[in-house]
Structure formats: C-alpha cells, structure tokens
Amino acid sequence: MRELVDRAARQSPARLALGVFGSVIALITALLLAPWATTSGEQAPFADALFTATSATTVTGLVTVPTGEYWSTWGLVVILVAIKIGGLGVMTLASLLGLAVSRRLGLTQRLLVSSETKFTRLGEVGSLVNTVIITSTAFEVAIALILLPRFHMYDESWGEAAWHAIFYGVSSFNNAGFVPTPDGLFPYASDWWVLLPIIVGVFVGSLGFPVILNIAGSLRRPRRWNLHSKLTLTTSVALVVFGSLIVAAFEWTNPETFGGLDPSATFLASLFAGVMPRSGGFTTFDIAEMHEGTWLLMDALMFVGGGSASTAGGIKVTTLAVMLLAIVAEARGDRDVEAYGRRIPREALQVAIAVSFISATFVLVASLLLLAITGEALDVILFETISAFATCGLSTGITTDLPDAGKYVLTVLMFIGRTGTMTLAAALALRNRRRVIRLPEERPIIG
C-alpha cells in the first residue's frame with residue numbers, strides 16, 4: 001500500500017489529492033446515512049449527509065442541520081474522524097505537491113529547499129505523514145488539556161468535558177468550525193479560558209505544516225526562517241490585527257453583537273472575529289446580526305484565507321503577499337520583486353495572479369447559480385459562497401434553508417475550494433518551462 005501511495009505521489013500528486021478527498025467524502029457520506037447516525041434514528045437525507053461529509057472532510061464547518069442536535073454521538077464521532085482525516089490530508093498532500101514542485105526547480109533553488117525542509121525526496125511519504133500526525137495531534141491534545149478543566153467548571157461531568165475538549169481541540173487546530181453542542185461557543189463569549197486556546201489553535205493551524213516545522217526548528221533564530229515562513233507569519237498577523245480593529249470599529253455600537261459587552265469582552269470578541277475568517281468558522285454571536293460592512297470585510301478576509309499547506313482555505317496569504325509586493329515594486333520602478341533579502345521569481349507572481357483570478361471566477365459562477373436558485377440578496381449569497389469556497393464555515397444562516405440544488409452547489413464549491421487551489425497552484429508551477437528562443441518583447445498600455 002505504501003509503495004502505491006509513493007508511486008502516486010511521484011507520478012501524479014494532484015490526482016492523488018483529488019482521489020483521496022473524493023474517496024473519504026464518499027465513505028463518510030455512507031456512514032452518516034446510517035439510521036443510528038442521527039438522534040431521531042431516521043436516515044438523514046442524502047443531500048444533508050453529503051453536504052456534512054464534504055464540509056467535515058474539507059474542514060469547512062458549514063452545516064445544513066444543527067450539528068449538536070441532529071447528529072447522534074455516533075454521527076459526531078464520524079464527523080470528528082472526518083475532520084481529523086481531512087486536516088491531515090490537506091497538510092500532507094499540500095506538502096507533497098510542494099515537494100513535487102521543488103523537484104522541477106533549478107539546482108540553486110533545490111539546494112535552498114533542501115536546506116530549509118526536513119524532506120528532500122518526494123517518495124518520503126511515510127516520514128512526512130508521521131511528522132504531520134505527531135505535530136497536529138500534539139497541538140490538538142494541548143488545546144484539549146487546557147479546555148478540559150474549564151468545561152468541567154461549567155457543571156459538565158469529566159467524561160462530557162473531555163469529549164467537548166477533544167472535539168474543540170481537533171476542530172480548532174484543523175480550522176473546521178464544527179461544534180458538538182447546540183449553543184456552540186455562544187455561552188463562552190466573554191470567557192478567555194475557553195476562547196483563547198481556540199484562537200491560538202485556529203491561528204497556528206492556519207499557518208501551515210511547513211511554517212510550523214520551519215519555525216519550530218529555529219524558534220530562537222528568526223533570521224534562519226525561510227521566506228515562505230516570514231511572509232506567511234507577517235501577513236497573517238497583519239490580517240488578524242487589521243480584521244480585529246475593523247470589526248471592532250463596525251460592531252462597537254451594534255446592540256446585537258458587541259454593544260452590550262464590557263471592554264474586556266469586546267476586545268476578546270474582536271480578536272476572535274478577526275481570527276475566525278482566516279478559516280476557523282467559529283463564532284460567539286449571530287453573524288446575521290452584523291452590519292453589512294462587517295460582512296464585506298469578512299468576505300475579503302475569508303477569500304484570502306490562511307497559509308499554504310495548512311488546514312485553512314482561500315487563495316492563501318502568500319498569494320496576497322506576493323501580489324502586494326509586486327505592486328510596491330512596480331510603484332517604485334524596481335525590476336525585481338524582493339522581500340527579506342530574497343528575490344521572488346516572476347513565475348511565482350504569475351501563479352498568484354492565476355490562482356486569484358480562477359478562484360474569483362469560481363465564486364462568481366457559484367454566486368450566480370445560488371442567486372438563481374434561492375432568490376436571496378446578493379450580500380448573503382456572496383458571504384455564503386466565499387465561506388464555502390474558502391472552507392471557512394461562517395454563515396449568515398441561509399445554508400440550513402437552501403434547497404437541495406443549492407446544497408449541491410456549495411458541496412461542489414467546498415470540494416473545489418479545498419483541492420482546487422492546491423492542485424492548481426502545483427500544476428501551474430509544474431508546467432514552468434524554459435524556452436531557448438524567446439519572442440521580441442513589446443509592452444501593451446495598462447490602465
């Protein structure tokens with residue numbers, strides 16, 4: 001079996017990604033269709049089972065039925081396993097695709113890659129999987145151990161508290177956004193002990209396995225962090241700070257969200273709301289009660305998402321960083337795009353532009369389909385569509401009321417959002433070729 005996986009990883013990593021996710025979704029759907037997967041004992045509708053399986057496996061968090069009420073303990077365990085498998089699959093397969101790209105680089109670039117990562121051969125699938133499992137599980141257990149005593153203080157038995165702590169540990173690090181109780185995190189809106197570990201789990205999980213490994217190996221020597229880690233970390237922190245401040249400014253006086261909170265709770269709610277659009281999907285207040293301006297801000301944050309080879313979705317923060325750096329370089333008249341003492345190749349900018357444009361096209365097409373199917377307003381449709389594509393999971397509440405056709409549209413979009421940008425970026429990078437003869441250069445008028 002391992003030889004087959006190694007061979008698939010070498011020959012067609014993109015096809016491996018699509019096949020693995022498709023197979024896992026089919027299996028989870030079958031398990032959720034069992035009568036004992038629901039609290040009522042009746043078989044779940046196929047559209048709801050497929051949607052939930054896709055949402056869990058792609059670590060999105062959008063739901064068509066209330067998770068804590070509709071699914072039985074067996075159903076919740078199946079969802080939790082799907083989240084764990086999906087998170088591991090994302091980090092592992094994305095890392096494999098990155099290694100596939102590195103094999104096509106020149107000698108100098110490959111030497112740099114081999115000096116910055118533990119894995120230098122694409123066939124080392126077993127070692128890669130083991131490291132991903134150990135790293136992710138360690139973070140999940142740490143989060144669960146912090147949450148366990150706090151949940152017990154809320155009059156939960158040790159068994160119930162342990163189950164909730166484990167569920168939130170796995171769901172937060174994998175940026176899944178699923179909650180095991182009907183009220184979710186609403187009762188803990190001002191509880192730092194509960195929300196801060198979840199915030200940290202979502203943020204670390206959204207950085208990506210290569211970044212976690214690189215920073216952990218040189219924790220006290222930031223100068224030795226590679227360019228990808230530096231760009232991911234600085235852009236992520238900037239987006240969190242920017243998002244938190246803008247959400248606080250928009251919602252400060254909104255009586256349905258932040259208006260009735262004390263300063264400490266408002267700061268916590270703002271920080272939480274600034275981190276979750278990165279792909280976390282958790283919420284401590286009703287998204288539907290937010291101002292439309294806040295929705296628009298979250299649309300932008302969700303579309304960007306988190307880091308490459310992470311459990312987060314979106315076009316990725318490095319894509320945004322490369323395009324912003326290119327804009328700055330063009331404004332200054334610089335020939336090269338540079339950052340942290342490194343020159344970013346033009347091919348990286350071309351891939352970033354292609355991924356952004358194609359992603360926006362998917363969102364546009366899906367939004368048009370949902371507008372035709374549901375007749376809902378554009379702002380809520382756009383929010384739901386971007387949340388599905390970016391595998392974020394935040395919702396204005398319309399997902400539960402969608403007809404089956406709308407559920408299928410979002411199901412396909414979640415699958416594309418999870419596997420599409422990952423495989424597309426690798427495919428475009430792998431197609432990079434050098435031509436001996438180049439055509440004469442002529443610059444068209446832009447703008």
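Is N175 buried or exposed?

1. N175 is buried, with a relative accessible area of 0%. Buried here means under 20% relative accessible area, exposed means over 50%, and partly exposed is what lies in between (1.4 Å probe, protein chains only). You'll find N175 in the loop between α8 (158–173) and α9 (192–207). Its phi is near 55°, a positive value in a residue other than glycine. Most residues other than glycine have a negative phi.

2. Some ground rules before going on. This is a predicted model, where local features need pLDDT of at least 70 and side-chain atom pairs count only at pLDDT 80 or more, while totals for chains, interfaces and linings use all residues. Residues are numbered from 1 along each chain as its sequence is written, and side-chain values use heavy atoms, with hydrogens and water left out.

3. Now the overall picture. The protein has 17 helices and 2 strands; these are DSSP runs (H or I of at least four residues for helices, E of at least two for strands), numbered from the N terminus. Of its 447 residues, 51% count as buried. Looking at contacts between residues at least 6 apart in sequence, 72% join residues at least 24 apart, where contact means heavy atoms within 4.5 Å. The accessible surface comes to about 21000 Å², and 63% of that belongs to carbon and sulfur atoms; the areas come from the Shrake-Rupley method with a 1.4 Å probe, and for residues only the protein chains shown count as cover.

4. On to the record. An unreviewed UniProt entry places "transmembrane region" at residues 16–37, 74–101, 122–148, 192–219, 231–250, 300–328, 349–373 and 408–430. Those positions are in the numbering used here, feature names are shortened, and annotations may be inferred rather than shown by experiment. Two of these spans are worth a look in the model. Residues 349–373 are 100% helix and 0% strand, with end C-alpha atoms 36 Å apart. Residues 300–328 are 59% helix and 0% strand, and there the end C-alpha atoms lie 20 Å apart.

5. S279 is another one for the backbone-minded. It sits in the loop between α12 (263–275) and α13 (292–304), and it has a positive phi of about 140° although it is not a glycine. At 0% relative accessibility, S279 counts as buried.

6. N226 is in a loop too, between α10 (209–217) and α11 (227–251). With 11% relative accessibility, N226 counts as buried. Its C-alpha is separated by 7.4 Å from that of N214, 12 residues away along the chain.

7. I386 lies in α16 (residues 378–389) and is buried, at a relative accessible area of 7%. Not counting residues up to four places away in sequence, it touches D299, M302, F303 and V363. I386 and F303 are 83 residues apart in sequence, yet 6.2 Å apart C-alpha to C-alpha. P197, in helix α9, is buried with a relative accessible area of 11%. Leaving aside neighbours within four places, P197 is in contact with I143, I146, L147 and W192.

8. Last, the second largest pocket, which holds about 650 Å³ of space. Of its 30 lining residues, the closest to its centre are V63, V179, F186, T283 and S395. The lining divides into 14 nonpolar, 14 polar and 2 charged residues; Ala, Val, Leu, Ile, Met, Phe, Trp, Tyr, Cys and Pro count as nonpolar, Asp, Glu, Lys and Arg as charged, and the others, Gly among them, as polar. On a 1 Å grid over the protein atoms alone, a pocket is an open set of points where a 1.4 Å probe fits, with protein on both sides within 12 Å along at least five of seven lines, and lining residues have an atom within 4 Å of a point. Grid points are joined across faces, edges and corners, and the volume is the space filled by probe spheres set on the points.
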